[in-house]
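Here's a quick briefing for anyone meeting this structure for the first time.

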Amino acid sequence: MANKTLNDKMMRLSEAIMFSRRKMQPFRENRLRAIRQYVGSNYSEHGSDDKVPINLLEQAINIYRRMVAANRPQVLVRSKNADLKAESSDFEAVINHHLDEMGFEETLQRWVLDSMFGLGVVKVGLTPGRAGEIDGFTHDVGQVFVDNVDFEDFCFDMTAKRWDQVQFCGNRYTLPYEMAMDMKLFGKNQLTPNPYVASTNEQGDERINTLQTGGETMGAEQYMPVVELWDVWLPYENVIVTVQADEHAGGFYNTEPLQVIDWAGPEAGPYHLLSMGDVPGNIMPLSPASLLIDLHELVNRLFRKLGRQAERQKTLTVVAGGAEEDGRRIVNASDGDTILSDRPEATREMKFGGVDSPSLAFMIQLKDMFSYLGGNLDSLGGLAPSAKSGKHDSLLRQSASVRIDDMQSRTTNAVRKVVESVADYLYYDPAPSTKVYRDIPNSDMAVKVDF
């Protein structure tokens, strides 16, 4: 009876996840469209269909990214209890050491970049002892990890209006099949290797890695066979369920989970979100790319049209009927030559085609509008002075940074929650932490920290 109840729950969970995945399909497709514009047509054969000579979207996204997440954050730990001052300093050194070890700076950069195109997601957890480096060669046994989760591999309860109301959320990932079986990651449960990794999601929309692999399904091309899994966190039951994915049929490979473990981590759960714009009553954010892509595409359509006009431009020498001999003399003459013409008044030079001036002016106005709607990007990126004096330009730059201030505030709050989860793992980890050294202020000496 218990197994039947569990199977019924897993069946309902599979159906709920597939429903949310279907509702997330338009967001995935719009994200892929924006990323194709971001990389342009020269990234790969599966980049943008048309040339992107003026990549305003890439310029805006990278200006935002550099100003929001320029460096790895440094953690400051303080305690109201004076007796814990030394321990706080030691804990601060341990956290900063682990953030450096796990490459948190690169994770943060990717997290912010993902949020520019939609929803940025990271997963925080502890690498189990039996897993080793199976999920990446930068993962160490027993070490805390903070990994980026690509949006197309993520799923959450789309019926919820707030994040703290979701009934489930999880992510899809792959592991080397033979290593997973040898390590007995899921006990005696048997895994079935995926014959191939599809180039599309369950609903038929292209996966993001088709930008570099094309539309081919990857099977025999892989060096190591893989198994595709889902980790699903159920906040109300406070458990994490691991099941094998079945992308061919959609949903799970079977209704029996590979493992069900109690969630003993931080209360915030394993998944942390980063968004750059809220929509009332919805969890899915309004991303900067979705706001700017239409204007970006319009500017490039106009610029390509102006380019075609410029290529069609030509200058011809026109002669009247019966004056063909005069025309031949003019065409064959070199610069500065004196030629004989019977009817010079019947010969003149004419220009055809060329760039349309009103269209060019409109395109330049749209480019300026892009900078304006992006929060004065010319000033933020230091592309050109916006005022006659340096003082006025500085004031304009400070005014333009209001949007950046909001992005930085959102990122700081999100990073704080991630660091709190990392600190929770480190503080309550029964195993001894890696020894680190803490610099002594105003000296060139360091003291060993054994936290």
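**A cavity and a strand**

Search the whole structure and you find one cavity of 30 Å³ or more. Keep in mind that this is a predicted model.

**The cavity**

- The space in the largest cavity comes to about 40 Å³.
- Its lining is made up of L56, Q59, K367, F370, S371, L377 and D378.
- Which element gives the most to the lining? That's α9, with three residues.
- Sorted by class, the lining has three nonpolar residues, two polar ones and two charged ones.

**Strand β4 and its cover**

**Who pairs with β4**

- Strand β3 (residues 154-156) pairs with β4 in the antiparallel sense, over three bridges.
- In that pairing, F154 stands opposite N171 in β4.
- β4 also pairs with strand β5 (residues 226-234), again in the antiparallel sense, over eight bridges.
- Here L175 is the residue that stands opposite V227 in β5.

Terms used
Residues numbered from 1 in each chain as written. Predicted model: local features only at pLDDT ≥ 70, side-chain atom pairs only at ≥ 80, totals over all residues. Heavy atoms only, no water. 1 Å grid on protein atoms, 1.4 Å probe; cavity = no way out; pocket = protein on both sides within 12 Å on 5 of 7 lines; lining within 4 Å. Points joined across faces, edges and corners; volume = space filled by probe spheres on them. Helix = DSSP H or I, 4+ residues; strand = E, 2+ residues; numbered from the N terminus. Nonpolar A, V, L, I, M, F, W, Y, C, P; charged D, E, K, R; others polar. Pairing = 2+ DSSP bridges.
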